[in-house]
Amino acid sequence: MLPLIDFHIHSTFSDGLYGLNEIARYAYEKGFYAIGITDHFSTRKVRSMDPEVIKRYLEEIESIDVPLKIFKGLEIDFSPRTDISLIGGKIFEGLDYILFEYVGDSNMGGYPLWKLLDIYDDIGLPIGLAHNNLQKNFSSIEMNNFLDLLETHQIFVEVNTNKNYSILGDYYYSLSDEFFKKFKDRDIPVSIGSDMHENLDEMLNVSRGINFIESLGIEENVKIFLKMLNI
Ligand SMILES: [Zn+2]
């Protein structure tokens, strides 16, 4: 059995409705084992944090007074809407991990995976693919080559339970279950996220993601992700 975890949450630091303390208190009351705050990094798409805000963001997460493991993340819109030259180095110091959204997603103008691998060394933090419809975005490359890339770079893949990332009621993760099934034989980390913005109860939707992971028997992959964060 996996613990209740949510590694994709937005606060008032970007386009979320709730403050950090409200989110943490809710998670604590509902019995979450660990959470990660992942506000948007500077993008033209939504309300987001410019690089100079990150220091205060980290300090405020640090000062949350709730007995809960809380991790410091960031979500990057991996597209021309973001100034990619800002990514990496000193401004990311103190963060625990970074989510990249729209990687390989041509509908959303997302940059290809090779461009992420290009800046991989500059980032120096665990990175992952947020709400990615793998079967749509990566169907043109040979599946084993793709999985090799994820595995050798330890790029985690998120099971995102937000309905924005579903098609006619089918979530991207279940549409991509052929990929996730293959994770069983590989050390590819898997995270879970609700992508909560406006309703705290959305965080409880992660249990759907946990059920999916348990139904495929890939709990070990989540443990690899937790280990990357030293949990
Ligand atoms: Zn998000």
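Residue numbers start at 1 along each chain as its sequence is written. Because the model is predicted, local features need pLDDT of at least 70 and side-chain atom pairs count only at pLDDT 80 or more, while totals for chains, interfaces and linings use all residues.

The protein has nine helices and nine strands (DSSP runs numbered from the N terminus, H or I of at least four residues for helices, E of at least two for strands). Overall values are as follows.

| Property | Value |
|---|---|
| Radius of gyration, over C-alpha atoms | 16 Å |
| C-alpha box along the principal axes | roughly 45 × 40 × 35 Å |
| Residues counted as buried | 44% of 231 residues |

A compact globule of 231 residues would have a radius of gyration near 17 Å, so the value for the protein agrees; the globule rule is 2.2 Å times the number of residues to the power 0.38. A residue is buried if 20 or more other C-beta atoms, placed from the backbone, lie within 10 Å of its own.

Phe78 touches Phe100, Val103 and Leu116, among others, where contact means backbone-placed C-beta atoms within 7 Å.

Val190 and Ile192 also lie in strand β9 (residues 190-193), on one side, with Ser191 and Gly193 on the other; these four residues are all buried. Strand β6 (residues 156-160) pairs with β9 in the parallel sense over four bridges, pairing requiring at least two DSSP bridges. Ile192 in β9 is the bridge partner of Val159.

Methods
Two residues are in contact if their C-beta atoms, placed from the backbone, lie within 7 Å. A residue is buried if 20 or more other C-beta atoms lie within 10 Å of its own, exposed if 12 or fewer, and partly exposed in between; C-beta atoms are placed from the backbone. Lists of a residue's contacts leave out its neighbours within four places in sequence.
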